[in-house]
Amino acid sequence: MRPLTEAETRVVFEKLGRYIGENIQLLVDRPDGTYCFRLHRDRVYYLSEKLLKVAACIPRESLVSLGTCFGKFTKSQKFRLSVTALDFLAPYAKYKVWVKPGSEQSFLYGNHVLKSGLGRITENTAQYQGVVVYSMADVPLGFGVAAKSTQECRKVDPMAIVVFHQADVGEYVRNEDTLT
Amino acid sequence: MAAVRVEEVLAAAEEQEAEKRRSVTVEKELELEFDLGNLLALDRNPPAAAGLRGAGPRRETVLRALARDNTQLLVAQLWDLPAERAGGAGGPLVAQLPEPTFRLPREKPPPRPRPPTRWEQFARLKGIRKRKRTSLVWDEQAKEWRRRWGYRRAGGDPARAWLAEVPEGADPEEDQFARLRREKQERVARNELNRLRNLARAHRAGTAVPAVPLHPTGHQSREELGHVARVARVSTASLGRFQPRLPKESAEPPSRSSGKKRRFEPLLGNLAAERSRQLELLRDMGSKKPVLDITRAVNKQLRQEEAEAAAAKGKKQSRRGKRGRRQ
């Protein structure tokens, strides 16, 4: 377990910034305690200082997970956000997409969101912008990347993909073994 | 009685004044040479030979007086230098020393070159000279220029050699691949042994022979020169703390492990500092965003066009409606 280097921090913040923009400050600088990022076995964890002090006592081989896993670094040092970060992305999300009840299940199975399943989308969403996907009852379902900007969404045909799937809460059941 | 006392007091005071003035002025036959950059004063006056002969308290007093006089002259020169108050109005008066002119000699003798290795001795004896090899070799099979060794070498990948001929007079049951591998390992081990032996010989012969030769040879690689520069920087009395940087040297102090091992921040280090560093990083990242976002501009344009289209449609419908009603 070690803190992130400058380059790694930059990569992680860039990725997070695609979904929550400048609200990362609220994650870094919290009024209710000191929270920090730590790297353990290529996975980035977000945890409070109290928890860090306790976790520091556990030997490296026995330590499985600590705090909240935000994602992992791949072999080529790219950062991949995982669904376990959703609890921290959803409240600070800048661009949101609401999905109709009919195609909620499709999204939770790992499929992309089609125009026919699109309920609402935040105004001014650019193409390839990171978005958080909600159900119509404002329950966060996951996150993804907008395949079309808001303007284009209005014009495109019903079978076109509007949001690329990246992570959804169904992964908690599907990838139970590999999530930490 | 009182008058006599007063006279005595006055006389004593006058004597003291004269003493002070005398102590400040120093008479010398030859002027001293000063190098104020090194705080050096060179006295070329021949000393009183009688005073210096033989050890003892007399010699001590003579030497002490000499030292005091020369120091007085040196300090008088220092007072002539341009000075300023360091650290504001109430700080100490600091003189600005000029550049040193006197070249100080080496403290220790220069390092000796390392003794020649066994091969070097043999080569010198036989008159064998080093021949520079070409980096590329013509590969007849592949019909192109390939490296002499390394990735995609001429002569094929040795790991993929599927054929190993049994030489004449060798045991037919012997595993040729194993033999080749073993022989290579032996060659490598022998090479390493000889290298270590040469190092040990050099270490025994010289006082402290560095791994990389510190005196300039004509053929030193860039890394070697960098290493030498680093060693030279640290080889001062203050271990390089006050050494000015070379023109193109990086401005940070060299890490203690300038080798391959990576060093990370401590796990439970100063969390407040970490937080402030991250906020700085966020601020830097935020400020670099481009002022003109092309996609937003395109979207804005699209929206304008849509609005215009909608307005035109509305006008058409209203006009049609009016015409219809009139009919």
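Chain B has 8 helices and 6 strands (DSSP runs numbered from the N terminus; helices are H or I of at least four residues, strands E of at least two). Along the sequence, their order in chain B is α-β-β-α-α-β-β-α-β-β-α-α-α-α. Of the 327 residues in chain B, 10% are buried (under 20% relative accessible area; exposed is over 50%, partly exposed in between; 1.4 Å probe, protein chains only). The model is predicted, local features need pLDDT of at least 70, side-chain atom pairs count only at pLDDT 80 or more, and totals for chains, interfaces and linings use all residues. Residues are numbered from 1 along each chain as its sequence is written, chains are lettered from A and ligands numbered from 1 in the order in which they are written, and side-chain values use heavy atoms, without hydrogens and water.

Helix α1 of chain A (residues 6-20) packs against helix α7 of chain B (residues 271-287). Their axes are 11 Å apart, at an angle of about 55 degrees (lines fitted to C-alpha atoms, for helices over the stretch in contact; angles run from 0 to 180 degrees between N-to-C directions). α1(A) is therefore oblique to α7(B) (under 35 degrees is roughly parallel, over 145 roughly antiparallel, 65 to 115 roughly perpendicular, the rest oblique). The crossing of α1(A) and α7(B) is right-handed (the near helix is turned clockwise from the far one by less than a right angle; anticlockwise is left-handed).

Over all chains, the structure holds 23 salt bridges (a side-chain nitrogen of Lys or Arg within 4 Å of a carboxyl oxygen of Asp or Glu). One of them pairs D29(A) with R275(B) at 3.3 Å, N to O. D29(A) lies in the loop between α2 (24-28) and β2 (35-40) of chain A and R275(B) in helix α7 of chain B, so this pair joins two chains. D29(A) is partly exposed, at 36% relative accessibility. R275(B) is also partly exposed, at 21%.

Within chain A, E8(A) and R2(A) form a salt bridge of 3.0 Å, N to O. Both residues are buried. In chain B, the closest N and O atoms of K108(B) and E107(B) are 3.6 Å apart. K108(B) is exposed, with a relative accessible area of 56%. E107(B) is exposed as well, at 73%. A network of salt bridges links D139(B), E144(B) and R146(B).

V75(B), W79(B) and L93(B) make a nonpolar surface patch of about 330 Å². V75(B) lies in helix α3 (residues 57-79) of chain B. At 35% relative accessibility, V75(B) is partly exposed.

Definitions and conventions:
Patches are made of residues with over 30% relative accessible area and no salt bridge: like charges are joined within 9 Å, nonpolar side chains (Val, Leu, Ile, Met, Phe, Trp, Tyr) within 5 Å. Accessible areas come from the Shrake-Rupley method with a 1.4 Å probe; for residues, only the protein chains shown count as cover.
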